[in-house]
Protein chains: 2
Amino acid sequence: MSWARKAIRGVLLDLSGVLFDGDVVIEGSIDAVARLSAAGVPVRFCSNETSIPHQAVVDKLNKLGFSVRAEQVFTPGPCVRKVLIERGLRPFLLVTKEAEAEYSSVQQTEPLNCVVLSDAQDAFHYQNLNKALKVLIECDKPTLIALGRGKYYREKGELNLDVGAFAKVLEYASGVKAEVIGKPEPTYFNAALDDMKVAAEDALMIGDDLENDVGGAQAVGIRGVQVRTGKFMPRDEQNPNVTADGRVANLAEAVDVILAQWTS
Amino acid sequence: MSWARKAIRGVLLDLSGVLFDGDVVIEGSIDAVARLSAAGVPVRFCSNETSIPHQAVVDKLNKLGFSVRAEQVFTPGPCVRKVLIERGLRPFLLVTKEAEAEYSSVQQTEPLNCVVLSDAQDAFHYQNLNKALKVLIECDKPTLIALGRGKYYREKGELNLDVGAFAKVLEYASGVKAEVIGKPEPTYFNAALDDMKVAAEDALMIGDDLENDVGGAQAVGIRGVQVRTGKFMPRDEQNPNVTADGRVANLAEAVDVILAQWTS
């Protein structure tokens, strides 16, 4: 495969749609991750999962049968918490009930001056969206933080609108532009690269989201390969904006190719 | 007032925020409408009200104490119903329970090929928005119809996200561009002008929404005056995109000015 002609010295993996779909492991992916580890390939998990806290993501992976360390897993939540505290932002959290735990150390007293928008799922209802609008409209210097730009994801066969789509509601209605923390932002990919001490041109991102995984990685010089699992759709192959460096049936196939060229 | 220097031969009135706020009549507005009628000024009500059917809007106005005929009241619903039937569209209706009655004569059998988005209020929840996305993503030639471009409105002092904001969610996630029926679309203003047989340059639009009422009217050559009731905000006076032809405290003040220049 042309995307593996140049050496790969580190791998970034998306989670949902690549390792699992909902609570179901995608065939071959546990073994694929284990083979990467066994061979000594540096791996980081670079996810926009925000419906549960970071530690719950780590726990989920291990419970499903993957063997990962917390430090290998990047989700936007901990970065957002850091930004909120550093900048003294008092957010209205438009997040799932479960994800609220991620922000328990953040001041959330009135007057609020910030909205944090994550994959809030059922919490994306009219009252909550109106409350978020109120914060953005009525405060002097409002901040809107969106944990990703995703349009939708597929889980258990069903389409689910993602955080990026709801950021559009609030941006349009309030006129406040969202700051994005998560894929496809360059800083997010670079943090994972820095952590494994691999240069962008030596790294590979594997994801099911053509724009946020593949396109986002390519924008910082990382090769981007799309799996034909998760939210992959045949129309992705004709996308006018993003051309993947390659496509594979699933993570297992990608790992076969990576290991064929790997020399530790 | 400069906006009344040139003769006014017909008046278009927005409803919510101009005549009433929720179920409360805005002071002086019943009398103001009555004075226009008594003087023989042609009046049409040009509203984006879509949370209740057209006839319910007419009934509400009369119940609140206004005296209006059904033919004077323009809401997007009846136009949308006509478009759906003419084009053989089978819609998923993202509308309030009450507004469903407007579309009872429209075929809604699977496979659906259209989404109608109106001021659905509490029906703007995650499951319904996901269902709308599914129709747009999975059908070959999907149509998305939005009953307005409104960002938000104020009712009983509270901000409520409007249909235009939710159109952004679905446009962004599905890549399907919304067709708008309602203000600020030129065809919508022109239908009301045609009905009262008044030329655009002889007409005045009075509304509380700077972009959809005032800007929309101006785009077809109608003068646009903003009331300082409803969703008016002081920041509207510095809006870089739309400059109202004038501002008045409320409808009563506008009618004082109109009648001072009126010669039947």
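Two strands count as paired if DSSP finds at least two bridges between them, and strands (E, at least two residues) and helices (H or I, at least four) are DSSP runs numbered from the N terminus. The structure described here is a predicted model, in which local features need pLDDT of at least 70 and side-chain atom pairs count only at pLDDT 80 or more, while totals for chains, interfaces and linings use all residues. Residues are numbered from 1 along each chain as its sequence is written, and chains are lettered from A and ligands numbered from 1 in the order in which they are written.

**The six-stranded sheet of chain B**

In chain B, an open sheet of six strands has the order β5-β4-β1-β12-β13-β14, with parallel pairing. Strands β5 (73-74) and β14 (246-248) of chain B stand at its edges, each with a single partner strand, so one side of each is left without a neighbour in the sheet. Within this sheet, β12 (residues 203-207) of chain B is joined to β13 (residues 223-227) of chain B by four bridges, and Leu204(B) has Arg223(B) as its bridge partner in β13(B). On β1(B), Gly10(B) and Leu12(B) point one way whereas Val11(B) and Leu13(B) point the other way, and all are buried, a residue being buried if 20 or more other C-beta atoms lie within 10 Å of its own, exposed if 12 or fewer, and partly exposed in between, with C-beta atoms placed from the backbone. In a regular strand the side chains alternate between the two faces of the sheet.

| Partner strand | Bridges | Bridge partners |
|---|---|---|
| β12(B) | four | Leu13(B) and Ile206(B) |
| β4(B) | three | Leu12(B) and Arg44(B) |

Helix α7 (residues 210-219) of chain B packs on the sheet, where it touches β1 (10-13), β12 and β13 of chain B, and its direction makes about 160° with that of β13(B); axes are lines fitted to C-alpha atoms, for helices over the stretch in contact, and angles run from 0 to 180 degrees between N-to-C directions. Helix α8 (residues 251-261) of chain B lies across β1, β12, β13 and β14 of chain B and runs at about 140° to β13(B).

**The four-stranded sheet**

A further open sheet of chain B consists of four strands in the order β6-β7-β8-β11, paired in parallel. Its edge strands are β6 (91-94) and β11 (178-180) of chain B, each of which pairs on one side only, and the twist averages 25° from one strand to the next. Four bridges join β6(B) to β7 (residues 114-117) of chain B, with Val116(B) in β7(B) as the bridge partner of Leu93(B). Helix α4 (residues 126-138) of chain B lies across β6, β7 and β8 (143-146) of chain B, running at about 155° to β6(B).

In chain A, β7 (residues 114-117) and β8(A) pair in the parallel sense over four bridges, and Val116(A) stands opposite Ile145(A) in β8(A). Thr143(A) and Ile145(A) point one way from β8(A), Leu144(A) and Ala146(A) the other way, and all are buried.

**Core and chain pairing**

The largest nonpolar core has 167 residues, and those with the most contacts inside it are Val115(A), Leu117(A), Leu170(A), Leu117(B) and Leu170(B); such a core is a set of buried Ala, Val, Leu, Ile, Met, Phe, Trp, Tyr and Cys residues joined through C-beta atoms within 7 Å. Leaving aside neighbours within four places in sequence, Val115(A) is in contact with residues including Phe92(A), Val135(A), Leu144(A) and Leu170(A), two residues being in contact if their C-beta atoms, placed from the backbone, lie within 7 Å.

Between the chains, 23 residues of chain A are in contact with 22 residues of chain B. The elements giving two or more residues to the side of chain A that touches chain B are α4 (126-138), β10 (158-161) and α5 (163-174) of chain A, and the largest share, seven residues, comes from α5(A).

A rotation of 180° with 0.0 Å of shift along its axis superposes chain A on chain B (RMSD 0.0 Å), copies being superposed by least squares on the C-alpha atoms of residues with pLDDT of at least 70 in both. That is the relation of a two-fold axis, and the same surface serves both copies, since 96% of the contact residues of chain A recur in chain B. Of the residues of chain A, His125(A) comes closest to the rotation axis, at 2.3 Å (C-alpha).
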